[in-house]
Amino acid sequence: MIVPKLVLCMATLIGCVEYATWQDAPSSKVTVTVVVILASEEGNAIDARLKAIAEEVQAKEPKFKSFKLKSMECRPIGKDEKADFLTVDRKIAHVVAKTCAGKNNRVCLAVTPPELGEIVYESVCGKFLPIVTPYQTESKERLILAIRVMPCKGE
Amino acid sequence: MAGSALLIATDEQLLTRAVAGDRDSLDELFRRYRLVAYRVAFRLLSNEADALDAVQEAFVKALTHLPGFEGRSSFKTWLLRVVSNASLDLGRQRGRREALSMDAIGQAYREELEPMIHPDPGQGLERADLRRMIHGALTHLPPAQRRTFVLHAEAELSYREVAEVLGISIGTVMSRLYYARQKLRLLLAPWIKPT
Amino acid sequence: MSSHFDNDWTPGSDLLAAYADGEFEGRDELVVLRRRVEEWLGRHPRAQEELAQYRKLRQLWLATSPAEPSSDAWSRMQVNLQRLCAQSAPRLCGRRRAPWAASALVAAACLTVVITFQSVRQPGQTNGLPVINLSSNQNPFPVVGEREVTILRVNGDDARSVVVGVLPLQGLMDVAAKGDVTLTSMKPHGRSNVMPNVHQRGPDAPMMIWARTDSEPEK
């Protein structure tokens, strides 16, 4: 079920603005959360939970009118360890947690979404980076991933 | 502002150029599919060196037969057919144990898996141990089921694509997967039963 | 709740396997069949347990995915392949691509590569932990802002896209619309890539991923 996972993953959600670092990670593992979203050009139903993400995506891609939350998974990942997240239609998003070079031990993520090349980035902890992939289901819904890394300092 | 950029061709474009003798296109095809080919080979052989050999052999065979590739299937499914054939051939040559029937699992099962069963599943196993355990279970599948399962689970091929690779019907794919899972469920029960 | 379906119906093992594999997902023509299977599963807890074990098996499989060989191992294989190719299929292993032929690469591979984010509109912050209420107006998925993410590397090798710009990039990464990027010429770059000289509209566009479409490339 999705609801218990959401509760588990968001239990420590605090608005934080620090970048995620390895020294803050308990047992040298960060928690990566991947939210799987399907966006459609039909209809106008936007899941209330996805309002912020939908706004960001629609600002550049106004053709997407509906957004639904497909699934969400969070997983602890160690340094240089890879985790595979199942999205839709058996497509996998690969995530590797790395150390950003010369960046005060910050956590960098190398994400390979379905049908995209690897994207390496660092971001603040606790907030989601949306990625609109080229992948489209048979129902013509576009796969969007939103990815977050935790924990934040002090957690 | 000029910038650096990478241009990517489709598989069909690369194939056309590769057949015409363009080595860069061959290299690009290799880069695109080497990892999925390796993963399939590794699952079938459980050994990096053997898997690399199988991938190399498969690519050589693919290169040799490339002019005859008619595009009735995708390049990926065509290549994976060659890879899985090469892996099974290599496995046989190097004396890997073939599938045992369910009736014969008995003692052999205990010999291969028992040392890994003793640790409490609740304590967790290292990834390498888990991989060895899975491979041990895979070797107990008949070759056809093993190959079908690996193509579906590792190469992430749909039923239709697996059917294309193996030249069988979708119904046969479904049936093999079902029986493969039943066996794997039995063999890996301590790790997949709900706690 | 009464069932709409025949209580004597039992899905075959193949059907349950297909359901476990997600083969019904997103397929409108199988909606009724899917509901029928789910309704049957609702009445057969043992089968549900089997299904849960299938899914656990899948997780176990994913957790043991083989690690990629080192770049040295790939390089050695590539050298071997070139040698073997030259021996067994010399015609195939002949020449490198001519620079001018790279323009043929700019053919339609349908793609949309989008990574978007903008300045975040900060949701209202609460003191302490937020109440977990999925139906509330709380924003459970806050989005990173312009100053809160830095793109370090984008690999276009496996993607059907053109990456234009200089990295690392903090902030905005946008998809170039048709007309934003004009291909002016092509030149070879390295063994297998080509580098287009492009003109980007707007001096302040630090980074664009040129979304390739089915249309002809810009001249």
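Here are a few questions and answers about this predicted model. Local features need pLDDT of at least 70, side-chain atom pairs count only at pLDDT 80 or more, and totals for chains, interfaces and linings use all residues. Residues are numbered from 1 along each chain as its sequence is written, chains are lettered from A in the order in which they are written, and side-chain values use heavy atoms, with hydrogens and water left out.

Q: Which cysteine pairs with A:C100 in a disulfide?
A: The rule here is a pair of cysteine sulfur atoms within 2.5 Å, and over all chains the count comes to 1 disulfide. Its link is right-handed, with 115° about the S-S bond. The sulfur atoms sit 1.9 Å apart, and the partner of A:C100 is A:C108.

Q: Is C:A18 buried or exposed?
A: Buried means under 20% relative accessible area, exposed over 50%, partly exposed in between (1.4 Å probe, protein chains only). C:A18 has a relative accessible area of 4%, so it's buried.

Q: Which residues of chain B does C:A18 touch?
A: Contact means heavy atoms within 4.5 Å. Leaving out residues up to four places away in sequence, C:A18 touches C:E23 and C:F24, plus B:Y159 and B:M174.

Q: How many residues does chain B put into the contact with chain A?
A: About 440 Å² is buried between chain A and chain B, with carbon and sulfur atoms giving 25%; buried area is the accessible area (1.4 Å probe) that two parts lose on being put together, summed over both. Chain A brings 4 residues to the contact, and chain B brings 7 residues.
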